[in-house]
Amino acid sequence: MATLPGSVEIREEGPREGFQFERGAIPTGRKIALIDALSCTGITHIQTMSFVNPKAVPGMADAEAVIAGLTMQPGVKYTGLWMNERGLERALATKRLTLEGKIGLPASDAFLARNTNRTHEQHVAEQHELIERYRQLGLPIEQGSITAAFGCNFEGDVPLARVVALAGQLVEIAAEHGITLHGIALLDTMAWATPLAIKRVVGAVQDAHPDLEVSLHLHDTRGMGIANAFAGLEMGVRRFDASVAGLGGCPFAGHRGAAGNVCTEDLVFLCDEMGIETGIDLDALLDCARLAEEIVGHPLPGSVKTGGSLAALRKRQAVASA
């Protein structure tokens with residue numbers, strides 16, 4: 001077990017996670033307002049939109065308009081998600097996003113078919129094509145990812161050996177093109193992870209590939225998000241995806257209760273109380289969480305936006321005592 005990290009990077013995915021998952025239409029201007037507010041909290045990486053087929057994900061139909069309307073802050077990376085060449089072309093055309101080449105493999109072929117309508121072999125072939133396209137565009141390729149790394153609603157538990165093998169396959173795919181991967185993201189796409197599973201899978205990948213920095217993408221469908229993040233911290237993980245107020249979910253997960261990523265402000269609160277630096281202003285982030293709840297028009301699962309931070313409570317108590 002590694003020691004706790006002194007600092008972590010939290011990558012905000014609430015806009016993309018939330019706006020793809022909400023059933024009701026959200027005005028473009030409100031999407032822009034939330035992203036602009038998040039830009040002023042100290043968060044340095046915001047995944048804004050998915051460049052996907054709007055027939056499959058209607059909430060992403062205005063992706064270009066949202067990007068065009070952002071008031072971009074210095075020091076913040078604004079990124080997007082794409083699933084194929086067409087999506088990449090759309091992201092490039094905005095001329096406003098930070099683009100990074102990424103390759104990924106699924107731990108579940110059934111989820112891959114549902115999510116992208118491709119076989120594993122077709123998906124592997126596309127990773128090679130993507131790498132060549134990234135190189136033509138001069139985009140850096142530093143990270144790979146494994147979706148459904150902890151379990152799948154369509155296949156069940158994912159064998160640990162499969163995840164380790166997929167990490168090795170990603171390294172090999174990159175190496176065939178003369179590229180060295182520096183990180184591997186393990187995605188709990190359908191919220192099968194538990195703290196014990198986090199430690200087992202992260203530990204196995206770390207042991208097999210000590211040169212790869214492991215990051216975590218955790219969903220909170222079964223309420224394990226923050227506990228799993230804590231387990232990741234205990235394993236020395238320094239990079240996490242998170243979603244403001246707990247926005248969103250995966251529209252292809254086959255589970256009507258699928259929740260978004262681990263809640264950003266709850267994770268920041270946890271890190272603050274453990275003395276782990278995030279660089280994020282929790283009070284400003286709590287304002288964003290309340291804004292997100294107002295925008296979607298229904299309660300969101302984040303806890304600290306309701307309970308408040310202990311730092312604020314301590315300050316009030318100190319003032320009262322004085």
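Trainee: Which residues does Leu 160 touch, not counting residues up to four places away in sequence, and what makes a pair count as a contact?

Mentor: Leu 160 touches Arg 200, Val 201 and Ala 204, where contact means heavy atoms within 4.5 Å. This is a predicted model, in which local features need pLDDT of at least 70 and side-chain atom pairs count only at pLDDT 80 or more, while totals for chains, interfaces and linings use all residues. Residues are numbered from 1 along each chain as its sequence is written, and side-chain values use heavy atoms, with hydrogens and water left out.

Trainee: What makes Thr 180 exposed, and where is it found?

Mentor: Thr 180 has a relative accessible area of 56%, so it is classed as exposed. Thr 180 is in the loop between helix H7 (160-175) and strand E6 (183-188), and its C-alpha atom is separated by 7.0 Å from that of Glu 142, 38 residues away along the chain.

Trainee: What is the phi of Ala 148, and why is Ala 148 called buried?

Mentor: Ala 148 has a positive phi of about 50 degrees although it is not a glycine. Most residues other than glycine have a negative phi. Ala 148 lies in the loop between strand E5 (141-147) and H7, and with a relative accessible area of 0% it is therefore buried. Ala 245 also has a positive phi, near 65 degrees, and sits in the loop between strand E8 (239-242) and H10; at 0% relative accessibility, Ala 245 counts as buried.

Trainee: Why are H10 and H11 called roughly antiparallel?

Mentor: Helix H10 (residues 264-274) and helix H11 (residues 282-296) pack at an angle of about 160 degrees, with their axes 9 Å apart. Axes are lines fitted to C-alpha atoms, for helices over the stretch in contact, and angles run from 0 to 180 degrees between N-to-C directions. Angles over 145 degrees count as roughly antiparallel, under 35 as roughly parallel, 65 to 115 as roughly perpendicular and the rest as oblique, so H10 and H11 are roughly antiparallel to each other. The contact is made by Thr 264, Glu 265, Val 268, Phe 269 and Asp 272 of H10, together with Leu 282, Leu 285, Leu 286 and Ala 289 of H11.

Trainee: How many residues does the largest nonpolar core hold, and which of them touch the most other members?

Mentor: That core has 87 residues, and Leu 34, Ile 146 and Leu 186 touch the most other members; such a core is a set of buried Ala, Val, Leu, Ile, Met, Phe, Trp, Tyr and Cys residues joined through side-chain atoms within 4.5 Å. H11 supplies the largest share of this core, 9 residues. Not counting residues up to four places away in sequence, Ile 146 touches several residues, including Leu 105, Val 163, Leu 170 and Leu 186.

How values were computed: Helices (H or I, at least four residues) and strands (E, at least two) are DSSP runs, numbered from the N terminus. Buried means under 20% relative accessible area, exposed over 50%, partly exposed in between (1.4 Å probe, protein chains only).
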